[in-house]
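Have a look at the model first, then read on.

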Amino acid sequence: MRLAGVRALVTGGASGLGRAVVDHFVAEGARVTVFDRSEPGLAAVTAAHPGTVIGVQGDVRELAANRRAVADTLAAFDGLDVLVGNAGIWDYNRSLVNLPDDKIDAAFDEIMGVNVKGYLLAAKAALLALVASEGSMIFTVSNAGFYPDGGGTLYTASKHAAVGLIRQLAFECAPKVRVNGVAPGAINTDLRGPAALDMQDRSLGDVLTKDAMTGNLPIDRLPNPEDYTAAFVFLAAAGESGHATGSIINIDGGFAARGVSRVRGGDALANGD
Ligand SMILES: NC(=O)c1ccc[n+]([C@@H]2O[C@H](COP(=O)([O-])OP(=O)(O)OC[C@H]3O[C@@H](n4cnc5c(N)ncnc54)[C@H](O)[C@@H]3O)[C@@H](O)[C@H]2O)c1
């Protein structure tokens with residue numbers, strides 16, 4: 001059990017990647033608070049892990065709700081060792097030219113509010129508890145934190161901001177609290193869009209097909225949340241990753257390994273060329 005005794009708080013843990021992280025953490029011995037806005041999602045994850053997982057309903061954009069999630073964790077588990085900031089929304093690749101004048105302010109506020117302020121407020125709420133436990137923070141980034149076209153203008157800016165947040169917090173919180181990230185590529189989830197762009201009912205899983213993924217990346221398949229969770233377990237396990245801070249693990253099918261003339265060179269290996 002790599003996380004025996006670990007007390008974790010996962011934002012956005014009621015669905016998709018966050019839910020898979022919760023399941024993997026519990027399987028490794030952790031107790032987990034899930035902080036999410038989805039009541040049905042919270043009911044499902046707490047029912048799946050009775051006595052091990054508690055749910056806190058709220059919006060990650062509100063400091064008071066983040067503080068409530070931390071307070072409930074301390075009350076239930078008598079401490080907090082790992083914060084996973086993960087709740088996020090996508091912009092369905094909306095480009096600047098296609099952001100309507102009358103929606104751009106609200107769209108910016110909503111995407112930055114969830115994807116950046118949500119992480120900042122979770123860190124703010126959890127910081128002193130993590131100093132006390134000499135714990136760590138892990139934030140979900142994205143290939144969009146490093147490369148264009150994994151989202152539109154707002155999503156890409158928000159995930160680049162998450163990278164900056166990780167690096168600055170790693171500096172500010174050292175040596176007591178480690179701060180790291182995981183940058184996944186595409187994941188088959190229910191990832192939603194901003195209400196400000198009328199995208200709140202869109203689900204990434206409806207558009208992210210195996211065909212859409214084929215041919216774009218060196219590793220050529222449609223991943224599920226479980227393909228990424230081991231990286232979170234590694235970063236949460238102080239005995240394994242204790243020297244890592246300010247680190248971001250990119251697991252994205254090979255964005256950094258795409259060729260200039262071809263996506264991948266290894267196709268030729270089958271022919272012995
Ligand atoms: N799905 C992908 O292809 C992909 C790729 C790279 C990175 N990511 C990142 O992974 C993270 C998780 O996304 P996912 O794909 O699992 O999506 P998801 O929609 O399945 O899960 C996101 C969870 O966050 C919650 N949430 C959203 N806004 C919230 C708010 N304001 N307050 C509280 N909870 C809120 C949702 O209720 C949901 O349970 C996000 O940060 C996303 O940017 C996703």
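## Ground rules

A polar contact here is a pair of N or O atoms within 3.5 Å; within protein, one of them must be able to donate a hydrogen and the other to accept it, and residues adjacent in sequence count only if both atoms are side-chain atoms. This is a predicted model, so to speak of local features takes pLDDT of at least 70 and side-chain atom pairs count only at pLDDT 80 or more, while totals for chains, interfaces and linings use all residues. Residues are numbered from 1 along each chain as its sequence is written, and side-chain values use heavy atoms, with hydrogens and water left out.

## Who touches the ligand

Asp36 puts an N or O atom of its side chain 2.6 Å from an oxygen atom of the ligand. Tyr155 also has a polar side-chain atom 2.6 Å from a ligand oxygen. From Leu17 it's a polar backbone atom that lies 2.8 Å from an oxygen atom of the ligand. The protein buries 96% of the 830 Å² that the ligand exposes when taken alone (Shrake-Rupley areas, 1.4 Å probe; for residues, only the protein chains shown count as cover).

Zooming out, 30 residues surround the ligand, and the closest are Ser15, Asp36, Asn86, Tyr155 and Thr189; to be near, a residue needs a heavy atom within 4 Å. By type, the shell splits into 13 nonpolar, eleven polar and six charged residues. Nonpolar covers Ala, Val, Leu, Ile, Met, Phe, Trp, Tyr, Cys and Pro, charged covers Asp, Glu, Lys and Arg, and the others, Gly among them, are polar.

Helices (H or I, at least four residues) and strands (E, at least two) are DSSP runs, numbered from the N terminus.

Most residues other than glycine have a negative phi, and most peptide bonds are trans. Ala174 and Pro175, though, are joined by a cis peptide bond, with omega about 5°. Pro175 is found in the loop between helix 5 and strand 6 (178-184).

Two non-glycine residues have a positive phi: Asp78, near 65°, and Tyr92, near 50°. Asp78 is in the loop between helix 3 (63-77) and strand 4 (82-85), and Tyr92 is in the loop between strand 4 and helix 4. Buried or exposed? Asp78 counts as exposed, at 68% relative accessibility, whereas Tyr92 counts as buried, at 12% (buried is under 20%, exposed over 50%, partly exposed in between; 1.4 Å probe, protein chains only).
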